[in-house]
Amino acid sequence: MRRAVSFLLILAGCAPSRTPAPFFEAPLGARVAKDLWFVELDERPEAMGGRRAHVSEQHRRLLAALERDEVEHEVRQEYSRLFNGFSIHAAADELERLRKAPGVKAVYPVLTVEAGEPPEPEPSNPFGGLTQPELFTALAQTGADVAQNTLGLTGAGIRVAIVDTGTDFTNPDLGGCFGPTCRVSFGWDFVGDAFDGANPLTQPQPDPTPDDCRGHGTHVSGIIMANGRVKGVAPGVQFGSYRVFGCGGSTTNDLLIAGIERAVADGARVINISLGNPFSWPQYPTAMAATAARSLGVIVTSSQGNNGTGGLYGTSAPGAGDDVLSAGSVENTASAQAAFTLSPDNARVGYEPSDTAPPAPLTGTFPIAAMPPANALGCNALTAGSLTGQVALIPRGTCSYTIKAQNAQAAGAVAVVVSNNTTGLLQMQVTGVTVPTVMVSQADGATITTRLGMGPVSLTWGSSLITPRSGGGQMSSASSWGPTAELGLKPDVVTPGGGIFSTWRTNAGSWATISGTSMAAAHLAGLSALLLQAQPTLTPAELGDVLRNTATPVTAPSSMNLEATIRQGAGLVRITEAAQNVVRVAPSKLSLGESQGVSSFTRTLTLTNRGAAPLVFTPSHAPALSVIGDAYSPTSTAAGQATVTFSSPTVTAPAGGPATVSVTITPNAMLPARSFYGGFLVFTSGATVLRVPYAGFSGDYQTTTVINWPDAGPYLSRGPGPSFTPLPDGGVFTLAGSDTPTVVVHLDHFSRTFDLEAVDAVTGKPWGSFFSMAYVGKDYTATAWQRVQWDGFTTFDKSRRLLPNGAYRIKMTVLKPLGDAGTPADVETWLSPPVTLNHP
């Protein structure tokens, strides 16, 4: 009877025998879509130079071989343009046979992806809750407002698409309709409403209309192209939406690739993916597919990820892709609080709406009425009709908000204003109330009461109060750190993502505030469209160069030092400078890698001048913060900065031509091993300032430990869990039910390859592999762990067999990132205690 191999990565407590928390993580965990795999073939995809006939023939041969060898499988997606291969349903016990099928280059787990950030708070009116940040202040941070109003840039003529939860195109800010003549003019729904990627019982049900029952995609859409109460970055683009989420749960990232391929086929010039899987390799299929799109002239923008508290290397795929523009997040600079004005001087009063009552109107003037002295707190029934056409002012206290609002509503009130009896504002919960109900501060309530004592007072809806936002312009704490597993500098840039007010589902308020790198990626997509309109001949590589060159570095809080480049990339995008740029510096970022055995790095930079006059640049160096300490809890420091010299004190970029300059970067020998340093190479010519960020790793990268769990190390245990007890002396396993050997391991870092095989307990003779995976991510936290349960079967070549009874050991072999399998220092191994099989 076939037994299944199971493998799960689980957040756990520190003690090996503790029961883990019921939450699972990728890449080997319950965020793995059940029995769903990417199978990559060794012919290049068409976008990367693969010949269509060869790719098709390779597909045919693989499927024929799987049928011939009776590998139980079902093809779900087939790819050829951006990724050569399939997503395939197959039980885990077929994994090794899939991996060894003809033409297969690698097999990867298909991961589930969450839909993104919830609103904060759930929207109830066009301005939302306590302090809703405005989108226009975020636009000002990047200069998009000036680009629109002064330079006349709207993204007109540029086709921009998103792969997300869909778009509620009925929102009037998004055009109100879907189709060729609408603002949301193209797209596709890959899944239907009922699909949930974490539930294998649900299957995609595609249809032509990419509507949105979640909200995330609608919010992203608004940041890019809204034009109404909210105005997006590029309101003139031709917009497409590709829906890969149902109304609940998650999706699977094989559908992300399907969405990217279809958007490319539909002519999108910019594709935004505000989704991803954190702590990912650049070689993960979604990252490779997004990278391949650049070869077809398509710019792909993607979120860096919201795992800033998880430490270094948090870049999400597809943003981890070498040629994908990954966006980190900075905080919006201002907030807008919903307000009304008072007669006679139009004094503004901010309020907090109840999220369970109807939203306040955007217009309209109404008289305000106080409670009668005998019922000052509004807790008793009011005379019928006594508040008809008026707004009731009711102090907080004694009875519930619901009773107060219902009493006022029964007396004919058109709205209720509750004045707080202490400092601050609260979001009230009311039931059975059909009129707008809002709270004002204690001080503002007293002001209204005083005015009412002097005569009639009316309020007018539809105003707002703009106030500075705490941390505005600084890095968002949730924004994920770079670099990639192979020390590639990420993120590429940062844009506003913290506190972004944009469109939402019309059946849930129409507008909302969300924070995250999803919002930052949407900004980057819109900014890319503006730049393409301004400079339509830019290739994707050149566009990335210009955006990075003209970005402005972000300073650290309470410091004059620049944030680490593995935190902010090139800095905050400035579209006004980018749109008017005539000189490009390439490469526009330098990933120096490890410094082991290297005293300094010398690189050549090329300045290409597309202008009509020569420009003379003075090069200089702006160091950024270094990053030291444990990868899970990094610390920024001004110490350990590199020194930089240039081959010439000036560089003249001739009109219409290039100039080169060499730069030598010398790491600081005092910087602790396994730390990061970085900074900016700056080129100044008058008001023109161009920058190139760089980052490097101090010391030998191969000294980074992968199999590292000080409390336990890898250990042998029994059964599927959820709790595990180490078996230091080994054990006897019948393979019946849960009586199976299980390896429990914490992966402190990425693995280029991760292999488990059975060997003879005495001689070490290999008996075959039972689990192999390439490009495995690190654990999300320092206390997370993974389990791999062995069913007694191994695979030799293409043959899968149950091992005979006897004593074996499980050998774990891990190849480190950038490592050489032939170099012992680049490989870690572990050998389990004896595993004695005693099956029937």
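Which residue stands opposite Glu40 in strand 5? In this predicted model, the residue opposite Glu40 is Ala106 of strand 5. Strands of a sheet pair through backbone hydrogen bonds, in either a parallel or an antiparallel manner.

Strand 43 runs antiparallel to strand 38 (residues 751-760), and eight bridges join the two. Within this pairing, Asp755 has Thr813 of strand 43 as its bridge partner. Strand 43 is also joined by five bridges to strand 44 (residues 827-831), again in antiparallel fashion, with Met812 opposite Trp830 of strand 44. Three bridges connect strand 43 with strand 45 (residues 835-837), and these two strands likewise run antiparallel. There, Gly806 is bridged to Leu837 in strand 45.

Helix packing was examined for helix 10 (residues 517-534) with helix 5 and with helix 11. Two packed helices are described by the angle between their axes and by the distance between those axes. For helix 5 (residues 216-225) and helix 10, the angle is about 35° and the axes lie 8 Å apart. The crossing of helix 5 past helix 10 is right-handed. Helix 5 contributes His216, His219, Val220, Ile223 and Ile224 to the contact, while helix 10 contributes Ser518, Met519, Ala522, His523, Ala525 and Gly526. By class, these residues comprise six nonpolar, five polar and no charged.

Helix 10 and helix 11 (residues 540-549) pack at an angle of about 110°, and their axes are 11 Å apart. This angle makes helix 10 roughly perpendicular to helix 11. On the helix 10 side, Leu524, Ser528, Leu531 and Leu532 meet Leu543, Val546 and Leu547 of helix 11. The contact between helix 10 and helix 11 consists of six nonpolar residues, one polar residue and no charged residues.

Methods:
Residues are numbered from 1 along each chain as its sequence is written. This is a predicted model: local features need pLDDT of at least 70, side-chain atom pairs count only at pLDDT 80 or more; totals for chains, interfaces and linings use all residues. Side-chain values use heavy atoms; hydrogens and water are left out. Axes are lines fitted to C-alpha atoms, for helices over the stretch in contact, and angles run from 0 to 180 degrees between N-to-C directions. Helices (H or I, at least four residues) and strands (E, at least two) are DSSP runs, numbered from the N terminus. A crossing is left-handed if the near helix is turned anticlockwise from the far one by less than a right angle, and right-handed if clockwise. Contact means heavy atoms within 4.5 Å. Ala, Val, Leu, Ile, Met, Phe, Trp, Tyr, Cys and Pro count as nonpolar, Asp, Glu, Lys and Arg as charged, and the others, Gly among them, as polar. Two strands pair if DSSP finds at least two bridges between them. Angles under 35 degrees count as roughly parallel, over 145 as roughly antiparallel, 65 to 115 as roughly perpendicular and the rest as oblique.
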